[in-house]
Amino acid sequence: MAIPPLSEQELIQQYGPHLNYEPPGGWLAEHEPDRLVKTHCCFCGVQCGIQLKVHNEKVVGFEPWEDFPVNQGKLCPKGVKRYLQNNHPDRLLHPLIRTDNGFREADWDDALSLVVEHIQRIQATYGKDAFAVLSGASVTNEKAYLMGKFARVALQTANIDYNGRLCMVSAGAANKMAFGIDRVANPWSDIPLTQLVLVTGSNIGECFPILTDYLWRARDNGAKFIAIDPRMTPIARTADLFLPVRPGRDSALMNGILHVLIEHDWIDHDFIDAHTKGFESVQKAVAEYTPQMTAEISGVPAASIVRAAEMWAEAEKSMLLHARGIEHHTKGVENVLSCINLVLATGRIGQPGCGYGTITGQGNGQGGREHGQRCNQLPGGRDIENPQHREEIARTWKVNESELPHVGLTAVELMDAVNAGQIKGLLSLSFNPLVSLPDTKLTRAALEKLEFYAAIDPFMSETAHYADVVLAGSLQEEDEGTVTNGEGRVVRIRRAVPPPGNARADWEIIVDIAHRLGKELLFPYAEPEDLFRELCRASAGGPVDYAGLNYTKIEQHNGVFWPCPSREHPGTPRLFEGGEFAHPDGKAQFHPVTYRPPDEDVDATYPIIMTSGRVVSQYLSGTQTRRIGPLVDQYPGPQIELHPRLAEQHDIQSGDMVCVESRRSSVTLPALVVRTIRPDTIFIPYHWPGEQAANRVTNRALDPISKIPEFKVCAVRLRKVKAGV
Ligand code: SF4
């Protein structure tokens, strides 16, 4: 007699999420939620508000949070599906210790004792700096602050850095140099007030999708839109003027546009005289960037360069926005400074609808770079080599200033130091360098050389596979805290559910390790709010001042913009009003930029430029999004985008397997022939590991100031391997 199969409902009841199958409406969505928790999307820097549905201490779905002003209920594909990571069967539920036969489950005492034993052994044998810390820019402000203090006070190592080093640091460095402060100048609500938006190196529609809505609102109000990009990205397809720049030539193009503005005297002399310094040096530097010369370097027609300058001049209000497209370069800081020069020369800053900013990529890309988890930084955006800043933080932390380490190595340098045998031990939090660092082969070699490696992660990342101990940490919805979105608005992350199984909140793990290292009195935290109170105190009077913030105030106002130096202060949505900048003399500083070529330019052997970036359904190294089925369905794996002309030259059609070779390694992926890319350039998204990793071929060369790698340009050649089926 035939055995009746289990019904769908019975299957769900019996196997739950282990079916790895999403019933209509999401996991357990047929249940009424016990509660709705107002929090934020865990992915990009827009930090959209979302309400998570909780049933039986599990996140089972979401509702729009329409009152939150940034996204007003709207979410992109990643935001809509983010809740599916919560009950995912891959979730780490216990600490794991490596054995000869793979990982075994362990209890916390065994796992943390092992971590502490190896920290002490390595530091006693090789010195304090031989143990390093790598942290993330998706973590809350509280965790970013804790990681910086943990490294300097509990480990006393100089070597801590974070994965924002691969993201916003070029913009951050340029902002500090030009304005004296590192924050986007305007709230995004200024975008619909402008008459012209110039977006360069930013695939807004895929990387920060909800920001697209602000651009549409500006367009509805009559604004014009200029897009600069080697690819005609979805947002660029709607532009009034599109400048298809050759990768790595951005500063030349900006110099060329400024050249035309100066030539026609379309600049703001009153603003320059009253509020800036150094214009003459920039005027001199751009004098040779005629439209013809700029066209030769950048590949953008001279007439388009002139037209961009005309459009900027015709608008009374304009905003310039950029992202990693101009920042991921060995001259990322110079590229950003060339944009700032244009904004300052025309006085387009510090007013409603007039301004400038980088679009932050990571969820806490802004806050993650403010509170001391960078190798050169102390909390409050302070400089680790500034004697006064060191004294201020030493007082807050109740340690001697002389005990604080000095500047350490940046993320890529740190991995190179592992390879060179100078760093022997590593603790990482939410950082997946095996996927996200350039030149995967070197990163893998470094991981294999570590004497001890402990990784804190909610999922087993590709890098965590190399760990000796994996500590099961928390997802964003499993902890309290704050995040600072791309506008500089500090928002509240609320705990919706506890970490599952034996997993723990990340901050508890770090504090536990600090206690086991004998630093109980210096890490006296019972909850994340204790950390936030100390963070705000530590930031008081610093370049990044959160002193007037607390959880209640942030919740009452749906987020508060820093600087917020006192309890009575309402926060600062728009910076530089009245032309008042953050340098001691109140003036903005021009910086002349002379174009220089990429570290690795094309030649006869490697004649094609490769550039890399993101797709809408995936996020960074993919640790979270590559596990969410509906997002994988949208874009199952990386493809090589190339122009029909280049494809024809190599006899390639969409679907053919194509090998991309650089001086470092190669990657073989299916081709996608598109008309939306320059014929001299190919594009590969970087979210995938192993044989599919774009970073197998990318270049590890660094910007000399920001130390960001040149992800956006390397020289490659193509070879068709197999015809598609
Ligand atoms: Fe909003 Fe970014 Fe999340 Fe999309 S990924 S929902 S744009 S925060």
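Q47 lies in the loop between β1 (35-40) and β2 (49-55), where strands (E, at least two residues) and helices (H or I, at least four residues) are DSSP runs numbered from the N terminus. The phi angle of Q47 is near 55°, a positive value in a residue other than glycine. The structure is a predicted model, in which local features need pLDDT of at least 70 and side-chain atom pairs count only at pLDDT 80 or more, while totals for chains, interfaces and linings use all residues. Residues are numbered from 1 along each chain as its sequence is written, and side-chain values use heavy atoms, with hydrogens and water left out.

**Ligand site**

Q47 is also one of the residues that surround the ligand, together with C41, F43, C44, C48, L75, C76, K78, G79, P209 and I210; a residue is counted here if one of its heavy atoms lies within 4 Å of the molecule. By class, this shell has 8 nonpolar, 2 polar and 1 charged residues. In this scheme Ala, Val, Leu, Ile, Met, Phe, Trp, Tyr, Cys and Pro count as nonpolar, Asp, Glu, Lys and Arg as charged, and the others, Gly among them, as polar. The ligand sits in the second largest cavity. A cavity is a set of points, on a 1 Å grid over the protein atoms alone, where a 1.4 Å probe fits but cannot get out; a molecule sits in it if more than half of its atoms lie within 2 Å of its grid points.

**Parallel sheet**

Strands of a sheet pair through backbone hydrogen bonds, either parallel or antiparallel. Two strands are taken as paired if DSSP finds at least two bridges between them. An open sheet of 5 strands, with parallel pairing, has the order β10-β9-β8-β12-β13. At its edges stand β10 (241-243) and β13 (355-358), each with a single partner strand, so one side of each is left without a neighbour in the sheet. Neighbouring strands are turned by 10° against each other on average, direction ignored. Helix α12 (residues 302-314) packs on this sheet and touches β8 (196-200), β9 (224-228), β10 and β12, contact meaning heavy atoms within 4.5 Å. The direction of α12 makes about 130° with that of β10; axes are lines fitted to C-alpha atoms, for helices over the stretch in contact, and angles run from 0 to 180 degrees between N-to-C directions.

**Antiparallel pairing**

A second open sheet, of 3 strands, has the order β19-β20-β21 with antiparallel pairing. Its edge strands, β19 (481-484) and β21 (560-561), each pair on one side only. Helix α4 (residues 141-155) lies across β19 and β20, running at about 95° to β19. The loop between β21 and β22 (588-589) contains P563, which is joined to W562 by a cis peptide bond with omega of about 0°.

| Strand pair | Sense | Bridges | Partner residues |
|---|---|---|---|
| β20 (489-493), β21 | antiparallel | 2 bridges | V490, V560 |
| β23 (608-613), β30 (714-722) | antiparallel | 3 bridges | I609, A715 |
| β25 (657-661), β30 | antiparallel | 5 bridges | V658, K720 |

Notes. On a 1 Å grid over the protein atoms alone, a cavity is a set of points where a 1.4 Å probe fits but cannot get out, and a pocket is an open set with protein on both sides within 12 Å along at least five of seven lines; lining residues have an atom within 4 Å of a point.
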